[in-house]
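Me: I have a structure open and want to learn how to read it. Can we go feature by feature?

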Amino acid sequence: MPDDDDFPISVSDAKRLFADWKTAPALLLAVSGGPDSIALMWLAARWRSALTRGPRLVAVTVDHGLRAEAAAEAREVKRLARTLDLEHRTLRWTGPKPTTGLPAAARVARYRLLAKAARQSGATHILTAHTRDDQAETLLMRMLRGSGIHGLAAMAHETERDGVRLARPFLDVSKSRLIATLHKAKLGFADDPTNRDVSFTRPRLRALMPALAAEGGDARNLARLAQRLARANAAVEVLADGAERYLALRDRIVSGAGPGARSLDANSLDAKTFDATAFAAMPEEIRLRLLKRAIERFGHEGPAELGKVEALLVALDQAVAEKPESRRPKPDRPGNRPMIRPGLKQTLAGALVSLTGGRIRVEPAPPRRRRPE
């Protein structure tokens, strides 16, 4: 596909962009009425019409109830959907709105409503119109927040959310190409003023992009950086998978259960445990990921913040103290085993992490006690 930012996207270009989902039974298109999502609906409809058999397309607009113009914009999306022979639904975010963190809350509500609509429509995927420009802004936001490699990989081409797949066919496409496509098709689109409201973080970063581009930090280079970090993150995830298998196999061998048996202690349904000595011998990034995985599996308060997991790992490292003559524990040589101080117990994200009997244990934390009224 040509990489000219002012070159409209053709039908053959769209065929390549949407090729991954041609066998899906149905696709839900998230269409707000802005230029990116209108281009998504237009191109998806043209792509589908060129197929002998293809997925059913359902366009959905979420009205957050935050702007008076939103209802009229949703009606305009519905009108265009009808001309493209597409189903359309408008969903509304009802109830009280938060006074702080409004963009994040609106995003959570939007995806919750979209996922529900996808399940009701039999759609396996929700297609969004995130562009290369959005990817660059996401990377910058996460850099400023001190994200790790996983966060700096920014948005993935396809992920799972709320039981459906979330797909982004335009992640390598510039916003200007989508606008050029709409101009050629003589299609109008809505202009959301909140996209320029500098009281929010993303519009402030968007205003900085021309200055960054002048220094070589344009959207193309930032998105390329995100791709490279995603590649590195995928490699580290493979290493973490191997480390997790190694710890489980080691437990089976030490317990005498044999390689083919299952260690109930290390892989029970209500807890995850690691040998503290073997765990301490692993690289810090691997230990962080294994600890975070276990906390998010058995916790009941949502994802664990990376900074808090890092602080917990420091506490574990302090509890598993090495002897002075050994810089790194060597589990197969008893004389070099670290001194382990039992008794550490901390809760994080609804999980209880403890160190006892030479093992790190992660399990659901008991319910919080209610304060007396």
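Me: Which residues does Pro35 touch, not counting residues up to four places away in sequence?

Reply: Keep in mind that this is a predicted model. Pro35 touches Lys175, Ile179, Leu182, Phe189 and Ala190. Pro35 itself lies in helix H2.

Me: Is Pro35 buried or exposed?

Reply: Look at relative accessible area; under 20% counts as buried. Pro35 has 12%, so it is buried.

Me: Where is Gly33 found, and is it buried or exposed?

Reply: Gly33 is in the loop between strand E1 (26-30) and helix H2 (35-49). Its relative accessibility is 4%, so it counts as buried. Leaving aside neighbours within four places in sequence, Gly33 is in contact with Ile38, Val77, Phe189 and Ala190. Phe189 and Ala190 are also among the residues that Pro35 touches.

Me: What does Thr131 touch, and where is it placed?

Reply: Thr131 sits in the loop between strand E4 (125-127) and helix H5 (132-144). It is buried, with a relative accessible area of 0%. Beyond four places in sequence, its contacts include Asp36, Phe170, Lys175 and Leu178.

Me: How do I read a helix? What span should H3 have?

Reply: Compare the expected span with the distance between the ends. Helix H3 (residues 70-83) has 14 residues, and at 1.5 Å a residue they should span 20 Å. The end C-alpha atoms of H3 are 20 Å apart, which agrees.

Me: Which residues of H3 are buried, and where do they fall?

Reply: List the buried residues, then look down the axis. In H3, Ala70, Glu73, Ala74, Val77, Leu80 and Ala81 are buried. Seen down the axis, the buried residues fall within an arc of 120°, so they line one face of the helix. On the other side of H3, Arg75, Arg82 and Thr83 are exposed.

Me: What covers the buried residues of H3?

Reply: Ask which elements lie in contact with that face. The cover includes H2, strand E2 (56-63) and strand E3 (87-92). Just after H3, Asp85 takes a positive phi of about 65°.

Me: Now a sheet. In what order do the four strands run?

Reply: The open sheet has the order E7-E12-E11-E10, and the pairing is antiparallel. Strand E7 (272-275) and strand E10 (344-348) stand at the edges with a single partner strand each, so one side of each is left without a neighbour in the sheet. On average, neighbouring strands are turned by 15° against each other, direction ignored.

Me: How many bridges pair E11 and E12?

Reply: Count the bridges for the pair. Strand E11 (residues 351-356) and strand E12 (residues 359-364) pair over six bridges, in the antiparallel sense. One case is Val353, whose bridge partner in E12 is Val362.

Me: Which strands does helix H11 touch?

Reply: See what packs on the sheet, and at what angle. H11 (residues 284-298) touches E7, E10, E11 and E12, and its direction makes about 30° with that of E12.

Terms used
Residues numbered from 1 in each chain as written. Predicted model: local features only at pLDDT ≥ 70, side-chain atom pairs only at ≥ 80, totals over all residues. Heavy atoms only, no water. Helix = DSSP H or I, 4+ residues; strand = E, 2+ residues; numbered from the N terminus. Buried < 20%, exposed > 50% of the residue type's maximum accessible area, 1.4 Å probe, protein only. Contact = heavy atoms within 4.5 Å. Expected span 1.5 Å × (residues − 1). Arc of directions from axis to C-beta. Pairing = 2+ DSSP bridges. Axes fitted to C-alpha atoms, helices over the stretch in contact; angles between N-to-C directions.
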